[in-house]
Amino acid sequence: MKTLEVDLGNRSYPIHIGTDLIDQPELFSACEKSTSIYIVTNTTVAPLYAERLTKTLEKLGKPVRTIVLPDGESYKDWKNLQLIFDDLLKFGADRQTMLVALGGGVIGDMTGFAAASFMRGIRFIQVPTTLLAQVDSSVGGKTGINHPLGKNMIGAFHQPAAVIADLNTLKTLPARELSAGLAEVVKHGAIADAEFLSWIEANAKALLACDTAAMAHAVLRSCEIKSAVVSADEREGGIRATLNFGHTFGHAIEAGMGYGEWLHGEAVGCGMVMGADLSRRLNFITQDEVNRLTQIIQSMNLPIAPPKFGAQRYMELMQVDKKTEGGQIRYVVLERIGKAQIKSVPDAQVIETLTATGAV
């Protein structure tokens, strides 16, 4: 097992990465002062891991309940968030209750938002069971739900008490979900570590085969990159926004298609192809580098051709983005492979990218 620390002063917390971690009660020591524990999971993950996690948590001597939500991005909304509050209120949860998010990014985001909101804030632990959640969404304290007009536009910053990434849970992931998670792994290399991107390129087959050693390195290095950025800029006032490379275009794809039609990682992978093209148009990277990044993304079995919404629709969808300031969309672009920056770009150049990549 490897353990990293997200350094946020008195809100610092560990990220544990290893195998069979779900069965180790000592890793859940943050629950020791809680009055009760509520596992929040979904209909897909619950049959696989909820019973095991319940047995582990019961060893701490606390009452444990499980809340099971429907599975999928389309359920990341107010209606299903309310199901968590309904159960907490019905069964007497209090300010010392601990929530435990057992699932992928949707469960982690919704559980975190519920924890941030219930009684004005209670603690929670992330137990991510998808690659995307282990390398990205479980770390950093971003929580929230989707709105029909924009992804993740309603939420709060609320850091977990711990992140427990059990690599064995990745063995039950469908191939499509695994590839979606690899998009965020590629992103970390593209924006922050050129050597890591080269390692990803060389180990694509092992990653797609969910080789444990390869996954351990991919999750560890991704978490190292993200935790360093979060420690430096918790609330996305500056450098943290670079973690959204590919996301402005990707979120537009998700919202335009309808949440759940494309997986988040699929949209981000395609969004990175578009972001790389835009970076070239700004004379930051070469066409060969665009081609290389596109090939890496394609090698992860991710789509590289965006849906054809048309330029006007894309611009409308991207306007509803958390990086937009004063009506000006700000894009994450690659200054070079391994280094990103945030930049306002003339609409005409963005439309050139939309046209060149097939979105128009």
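This is a predicted model: local features need pLDDT of at least 70, side-chain atom pairs count only at pLDDT 80 or more; totals for chains, interfaces and linings use all residues.
Residues are numbered from 1 along each chain as its sequence is written, and side-chain values use heavy atoms, with hydrogens and water left out.

I will start with the second largest pocket, whose volume is about 160 Å³. A pocket here is an open set of points on a 1 Å grid over the protein atoms alone, where a 1.4 Å probe fits, with protein on both sides within 12 Å along at least five of seven lines, and lining residues have an atom within 4 Å of a point. The volume is the space filled by probe spheres set on the points, which are joined across faces, edges and corners. Among the lining residues are Arg-11, Tyr-13, Phe-124 and His-158, and the lining divides into five nonpolar, four polar and two charged residues. In this count Ala, Val, Leu, Ile, Met, Phe, Trp, Tyr, Cys and Pro are nonpolar, Asp, Glu, Lys and Arg are charged, and the others, Gly among them, are polar.

Arg-11 takes us from the pocket lining to the salt bridges, of which the structure holds 18; the term stands for a side-chain nitrogen of Lys or Arg within 4 Å of a carboxyl oxygen of Asp or Glu. Arg-11 pairs with Glu-234, and their closest N and O atoms are 2.6 Å apart. This pair links distant parts of the chain, 223 residues apart, with Glu-234 in the loop between α8 (212-232) and α9 (247-257) and Arg-11 in the loop between β1 (2-6) and β2 (13-18). Helices (H or I, at least four residues) and strands (E, at least two) are DSSP runs, numbered from the N terminus. Glu-234 counts as buried because its relative accessibility is 15%, whereas Arg-11, at 39%, counts as partly exposed; buried means under 20% relative accessible area, exposed over 50%, and partly exposed in between, with a 1.4 Å probe and protein chains only.

Which residues does Arg-221 meet in salt bridges? One partner is Asp-193, with the closest N and O atoms 2.8 Å apart, and another is Glu-224, at 3.0 Å from N to O. Arg-221 and Glu-224 both lie in helix α8, three residues apart, or about one turn of the helix. Arg-221 is partly exposed at 23%, and Asp-193 is buried at 15%.

On the surface, Leu-149, Met-153 and Val-320 form a nonpolar patch with about 260 Å² of accessible area together. Such patches take residues with over 30% relative accessible area and no salt bridge, joining like charges within 9 Å and nonpolar side chains (Val, Leu, Ile, Met, Phe, Trp, Tyr) within 5 Å, and the areas come from the Shrake-Rupley method with a 1.4 Å probe, only the protein chains shown counting as cover for residues. Val-320 sits in the loop between α12 (311-319) and β10 (330-336).

Finally, the backbone: most residues other than glycine have a negative phi. Asp-20, in the loop between β2 and β3 (36-42), has a positive phi near 60°, and Asn-152, in strand β8 (residues 150-157), has a positive phi near 55°.
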